[in-house]
Amino acid sequence: MYKKFQNHLTEVLNSIESAGLYKNERIIVSPQNAIIRVADGKEVLNFCANNYLGLSNNSELKSAAMKALETHGFGMSSVRFICGTQDLHKQLESAISNFFGTDDAILYAACFDANGGVFEPLLTEEDAIISDALNHASIIDGVRLCKAHRYRYSNADMEELEKQLQAAQQQRFRLIVTDGVFSMDGNVAPLDKIYELANKYDTMVMVDESHSAGVVGETGRGVTELYDLKGKIEIITGTLGKAFGGAIGGFTTGKKEIIDLLRQRSRPYLFSNSIPPMIAAAGIQMFKMMDESNELQDRLHQNTEYFVSRMKNLGFDIKPTQSAICAVMLYDAKLAQKFASKMLNEGIYVIGFYYPVVPDGQARIRVQLSAAHTKEQIDKCINAFEKVSKELRV
């Protein structure tokens, strides 16, 4: 049987490649940072990492991780409810809930697991989920695992959301689900308006803060801080794998009873190993650092505003953004790959995004700014964009 299946897979892979959609992985041989070294030994500027606060190679986080490696070991070899809970896990959960102003938090191996494990334990076929059309794949997959009725509204379209809420009134409990920052476009969900509609139609709200926590809001508390809704949203999910150090680990934080029930019934939590102690220790140290200073967030905001302003002045088509994600639109998949390849030749590491990661015909270079970038490095990136665009007549 496999011979036939092999031929089928080869045809599918060939069609992906001929359409210009084949994804190749570049090899990095250095720590994640503003400057990285690739497999051929060349050093390049990295403008496509989720390393928003520049903490992926931070000395304080590494020190906390190494200390925990000595005091708490390498791994847990267990799920939380058997023998996989250390003091570090509880301390990190407390730090997360304090940061977001919520009742409690629960840790997962990744935010993909958090989103995959949040809906099914809480909602049944009597209930409804109303989801933004541009929500992350992990939210979409999590919703698929749940028997609740599904409603969808166009990205940040409040008129359509209201219509879907009206249609969902027949269900018992309702939950609006949205990304805080939409990862491909960089726009922020209008959470203030979503919250108003939720109150009007007796509905709960869930926000995925993966790309907004550490980035959006005056002190990086995310969209709930941006819209003065801290502590008012029922469910928040997020990750330690982006602004918060860039390693692994996800979380759900929110109302106490919700977190309590997830501990009892959330399958990715019950059937996956605890995150390693060193990851938990680094996370605790990271939240401590963020409580002490707002320097990194301020620098990130300055870097983003500078990049967007200069790129727009040069005539580049950039999606409206309120985050550190800047989508430079090219619209053609093959062009996006060619553009990214030429940027690498200029010493700038960026990646072309195209279908199925973004809608067909919406190919782009997604630039992500970091607090670790200097003004000189940002200028070099912008100059490379200008040079390559002229070469390719974009």
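**Figure 1. Helix H14 passes helix H15 in a right-handed crossing.** In this predicted model, H14 spans residues 333-345 and H15 spans residues 375-392, and the two pack at an angle of about 130° with their axes 10 Å apart. H14 and H15 are therefore oblique to each other. On the H14 side, the contact is made by Leu-335, Lys-338, Phe-339, Lys-342 and Met-343. H15 contributes Cys-381, Ala-384, Phe-385, Val-388, Ser-389, Glu-391 and Leu-392. By residue type, the contact of H14 with H15 comprises eight nonpolar, one polar and three charged residues.

**Figure 2. Helix H4 and helix H12 meet in a left-handed crossing.** The axes of H4 (residues 87-100) and H12 (residues 277-292) come within 9 Å and cross at roughly 30°. Because angles under 35 degrees count as roughly parallel, H4 is described as roughly parallel to H12. The residues of H4 that make the contact are Leu-88, His-89, Gln-91, Leu-92, Ala-95, Ile-96 and Phe-99. Their counterparts in H12 are Pro-277, Ala-280, Ala-281, Gly-283, Ile-284, Phe-287 and Met-290. The contact of H4 with H12 contains 11 nonpolar and three polar residues, and no charged ones.

**Figure 3. Strand E9 is covered on both faces.** Five of the five residues of E9 (residues 250-254) are buried, so this strand is largely enclosed by the rest of the structure. In a regular strand the side chains alternate between the two faces of the sheet. In E9, Gly-250, Thr-252 and Gly-254 lie on one side, and Phe-251 and Thr-253 on the other; all are buried.

**Figure 4. Strand E9 pairs with strand E3 and with strand E8.** E3 (residues 104-108) and E9 are joined in the antiparallel sense over five bridges. The pairing of E8 (residues 235-239) with E9 is likewise antiparallel and has five bridges.

**Figure 5. Strands E6 and E7 run parallel.** Five bridges join E6 (residues 174-179) to E7. Within this pair, Val-205 in E7 is the bridge partner of Ile-176. Four of the five residues of E7 (residues 204-208) are buried, so E7 is largely enclosed by the rest of the structure.

**Figure 6. Three strands form an open sheet in the order E1-E2-E11.** The pairing in this sheet is mixed. E1 (35-37) and E11 (348-349) are the edge strands, each pairing on one side only. E1 and E2 (residues 43-46) pair in the antiparallel sense over three bridges. One of the bridge pairs places Glu-43 of E2 as the partner of Arg-37.

Figure 7. At 22% relative accessibility, Glu-225 counts as partly exposed, because the term buried applies under 20%. When residues up to four places away in sequence are not counted, Glu-225 touches Val-216, Gly-217, Glu-218, Thr-219 and Gly-220. The C-alpha atoms of Glu-225 and Phe-100 are separated by 8.3 Å, although these residues are 125 residues apart along the chain.

Terms used:
Residues are numbered from 1 along each chain as its sequence is written. This is a predicted model: local features need pLDDT of at least 70, side-chain atom pairs count only at pLDDT 80 or more; totals for chains, interfaces and linings use all residues. Side-chain values use heavy atoms; hydrogens and water are left out. Axes are lines fitted to C-alpha atoms, for helices over the stretch in contact, and angles run from 0 to 180 degrees between N-to-C directions. Angles under 35 degrees count as roughly parallel, over 145 as roughly antiparallel, 65 to 115 as roughly perpendicular and the rest as oblique. A crossing is left-handed if the near helix is turned anticlockwise from the far one by less than a right angle, and right-handed if clockwise. Contact means heavy atoms within 4.5 Å. Ala, Val, Leu, Ile, Met, Phe, Trp, Tyr, Cys and Pro count as nonpolar, Asp, Glu, Lys and Arg as charged, and the others, Gly among them, as polar. Buried means under 20% relative accessible area, exposed over 50%, partly exposed in between (1.4 Å probe, protein chains only). Two strands pair if DSSP finds at least two bridges between them.
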